[in-house]
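Here is a quick tour of the salt bridges in this one. Have a look at the charged side chains first, then read on.

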Amino acid sequence: MESALLITMTAELPTNLNIKEPRWDQETFMGRAKHFFTVTDPRNILLSNEQLEHARQIIHDYRQGVVSPGLTEDELWRAKYIYDSAFHPDTGEKMLLIGRMSAQVPMNMTITGCMMTFYKTTSAVVLWQWINQSFNAIVNYTNRSGDAPITVSQLGTAYVSATTGAVATALGLNALTKHVSPLIGRFVPFAAVAAANCINIPLMRQRELKHGIPIMDENDNRLGESTKAAQQAISQVVVSRILMASPGMAIPPFLMNTLEKRAFLKRFPWMSAPIQVGLVGFCLVFATPLCCALFPQKSSMSVSRLEPELQEKIRASHPGVERVYFNKGL
């Protein structure tokens, strides 16, 4: 009797759950944090293409009003988060594996750990800053806002300018710290990353700053494209990314500076890099989702802050709309 009742309950999963929005309240920091702990879960990158396609099919069917037999609400939400972790919210295309937010912790802990271990020579600084900014460029492209295509030449120009600017910044900061204490020198990679993020993200997303990103009303009706919305979106992403890097690049230097004076690392100096990578990884497991959660993914702004011509267009076609919404990217 109980099993028959259970089958009936699971078969009657309602078709009106709003899976376009996250499961948790995005008006609160805790709700956004729960959402991003799920989205950035590194285990998501281990999912096979079959599992991703299965999740995509469940979500596609549910949006059409078709419920898979025996599907529970928890399974639906799990499928939604698998889908969100691998498919772009605006274009629907499968994202590059290393550009997904679920790849942030394993990729960043490796790159950041090596940047902070090998920072004393110019060649090492250039190599690891170039690797870091190349990775950042992929992440920024993968998590861009909007659905407009980007040409190969636009992408190439953005990549070269962003990476060159970031590496030059790192070398400049490195040169300034030749005569300071070793502890201060350990913070050069963080200062370089913070400065480089201010260069890399706007350059990789320069098309959005030139042409705008799609803005919607609260019912997801497209109202146009706004460069003002793009400026707000990109500035929020820059702040989140700098703060995301902060714990992993600010805490380990103090610990490593102490550890390297101890007998263990003097006896096994090769352990320095693995320990640093592990410390950075521990920090990033928490910093990545918590800093993503600082601002809502579905950002908003008042119509009065948009471009004058766009304000006029919206007030003429949608007179009751006071706020517009847009995907800020990550």
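Arg-56 and Glu-53 sit together in helix α3 (residues 49–63), 3 residues apart, or about one turn of the helix. Keep in mind that this is a predicted model. The two side chains form a salt bridge, with their closest N and O atoms 2.9 Å apart. Arg-56 is partly exposed at 27% relative accessible area, and Glu-53 is partly exposed too, at 32%.

Next up is a bridge between Asp-74 and Arg-23, at 2.8 Å from N to O. This one ties together distant parts of the chain, since Asp-74 belongs to helix α4 (residues 73–86) while Arg-23 lies in the loop between α1 (2–11) and α2 (29–39), 51 residues away. Arg-23 has 36% relative accessibility, so it counts as partly exposed.

Lys-298 and Asp-220 also meet in a salt bridge, 3.6 Å from N to O. Lys-298 is partly exposed at 32%, and so is Asp-220 at 36%.

| Pair | N to O distance |
|---|---|
| Asp-74 and Arg-23 | 2.8 Å |
| Arg-56 and Glu-53 | 2.9 Å |
| Lys-298 and Asp-220 | 3.6 Å |

How many salt bridges are there by this rule? The count comes to 7, including the Asp-74 and Arg-23 pair.

Notes. Residues are numbered from 1 along each chain as its sequence is written. This is a predicted model: local features need pLDDT of at least 70, side-chain atom pairs count only at pLDDT 80 or more; totals for chains, interfaces and linings use all residues. Side-chain values use heavy atoms; hydrogens and water are left out. A salt bridge is a side-chain nitrogen of Lys or Arg within 4 Å of a carboxyl oxygen of Asp or Glu. Helices (H or I, at least four residues) and strands (E, at least two) are DSSP runs, numbered from the N terminus. Buried means under 20% relative accessible area, exposed over 50%, partly exposed in between (1.4 Å probe, protein chains only).
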